[in-house]
Number of protein chains: 2
Amino acid sequence: MNIPDIDDVRQHLIAKPGQSFSLAARPTRDPILFDDKEDAKTSLKKDAAVINELKDMLYAHKKQSVLVVLQGMDTAGKSGTIRSVFADTTPLGMEVKAFKAPSKNELARDYLWRVHNAVPKKGNIGIFDRSHYEDVLVVKVRNFASAKDVERRYDQINAFEKHLTENGVVIVKCMLNVGYEEQGERLAERLVEPHKLWKFNPGDLEDRKDWAKFMGAYETAVERCSTEHAPWYVVPADSRTRRNAMIARLVRGALEDLSLEWPNPGYNPADFDIG
Amino acid sequence: MNIPDIDDVRQHLIAKPGQSFSLAARPTRDPILFDDKEDAKTSLKKDAAVINELKDMLYAHKKQSVLVVLQGMDTAGKSGTIRSVFADTTPLGMEVKAFKAPSKNELARDYLWRVHNAVPKKGNIGIFDRSHYEDVLVVKVRNFASAKDVERRYDQINAFEKHLTENGVVIVKCMLNVGYEEQGERLAERLVEPHKLWKFNPGDLEDRKDWAKFMGAYETAVERCSTEHAPWYVVPADSRTRRNAMIARLVRGALEDLSLEWPNPGYNPADFDIG
């Protein structure tokens, strides 16, 4: 068995804060981590169980929260990641938020308004399926905001995330890095599998046509917003099993860093006579 | 008649960004602006009318919002300011938010969570009766958060306000600077006037006992958080009439800076035949 240490996974996937970042240099199919698919399955299974236990401790303490940000092109596997990494986790204390095109009411405020509102409560794990990063990705590619406004958002996002991390939110940001070819196969699959057809959206093909622009926007977002307090991890996503195993390692690592234990109730249980 | 220019009022009341600030050096009864009380009444009346008109243009455009932050010790006149400065303004498009002690649900998030949520929609004027500054005022004086946490909040607040101003929110921050003696008289008045009794809260006397600590916390908050994008104005508040007149000048100034006009509808009204 060859399961990489959490620190190895981090070192391998991190976009180093303050350094230039090339997305093209990052594999969509990782040749080093989990070369055996069975190891990935074993690791994921173990991590999912530990994540569930640590999450219960987080919930019991209610001092901090963990926010997992999942970004990726269509079919990169945001939903699949949630299903797998949190396979053992009950919905209690979980907050999954999928960010779609903003409503009229949301557009009437600054773009972080709805995002801040969705930050998980203390004790909870929040998952953003897409996030405020769309405001420097699709918004940039489609010119939904001026270039000047988009340019200012990287610093705004860094300040926002710094504020959150200083106030008890641990942020784990994963870019699910799927390849152009693999996406093509997955989109085609959606059109022939009855249980996947509901996921197909003709608009996805428009984004696919602008693949290079999206990759450029991702590259800039990862480079500008990978910080000490909230680094980006770029996860090869062509293999679903390995992708899930790697993200499970990262989530487990974030929870382990909190050194959680069951909280001390502040009284002696032996003093109680239940009768 | 001697009505000071808006720029004079600003220059007189601003806590200059990046400079040290002494609250003790600031009068609670201003000897220079509005030496004639009747001038203050005249100015307020004119400004209230202009504010109403400009607010309608702001509402028609729906491009920006104005946020008036009112801070001050009890009896400093936060409510009275709202009644007077917006005497001519209909509630349509106005969002007044009074921040009380945070709820359990609010405490389960970072302290800016409820504040960000209450930021006014584009086109609206928001008024914060107390604000996120309580998180470096009463929270500091009563040790509701650690000194380390409070210390980090000044920069967090500056980043948050910068984000808002870069995203279309104009912030006008007014500290209503009431004197210790004047507060004593106003509190005593609340106990004998049947229509003011409801405003009396025995807890106010606890804050009064800690007057010096509160003044210290205000001084630090104003010094650390008076920025180019959102400066603090320290308004002498012992004279209600002059206080209202000065704040009306500041609010009018913020609206005038937006160079508002009625929006161009994008069509020629003459083209329509209503029939």
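**Group meeting: a predicted two-chain model**

Over residues 36-256 of chain A, the chain is 54% helix and 14% strand, and the end C-alpha atoms sit 25 Å apart. Helices (H or I, at least four residues) and strands (E, at least two) are DSSP runs, numbered from the N terminus. UniProt, in an unreviewed entry, places the feature "domain: Polyphosphate kinase-2-related" at residues 36-256 of chain A. UniProt positions follow the numbering used here, feature names are shortened, and annotations may be inferred rather than shown by experiment.

Ground rules next. This is a predicted model: local features need pLDDT of at least 70, side-chain atom pairs count only at pLDDT 80 or more, and totals for chains, interfaces and linings use all residues. Residues are numbered from 1 along each chain as its sequence is written, chains are lettered from A and ligands numbered from 1 in the order in which they are written, and side-chain values use heavy atoms, with hydrogens and water left out.

Now the interface. Chain A gives 22 residues to the contact and chain B gives 22 residues (contact: heavy atoms within 4.5 Å). The two chains bury about 2,100 Å² between them, 46% of it on carbon and sulfur atoms. Buried area here is the accessible area (1.4 Å probe) that two parts lose on being put together, summed over both. In chain A, the most area is lost to chain B by A:D110, A:H116 and A:E166, together 25% of what that side buries.

What holds polar atoms together across it? The rule finds 17 residue pairs in polar contact between chain A and chain B, both at pLDDT 80 or more. A polar contact is a pair of N or O atoms within 3.5 Å; within protein, one must be able to donate a hydrogen and the other to accept it, and residues adjacent in sequence count only if both atoms are side-chain atoms. Helix 7 (147-166) of chain A is one of the helices that each supply at least two residues of the side touching chain B. Helix 7 brings the largest share, 6 residues.

How many salt bridges cross the interface of chain A and chain B? The rule finds 0 (side-chain nitrogen of Lys or Arg within 4 Å of a carboxyl oxygen of Asp or Glu).

Last, symmetry. A rotation of 180 degrees with 0.0 Å of shift along its axis superposes chain A on chain B, RMSD 0.0 Å. That is the relation of a two-fold axis. Superposition is by least squares on C-alpha atoms of residues with pLDDT of at least 70 in both copies.
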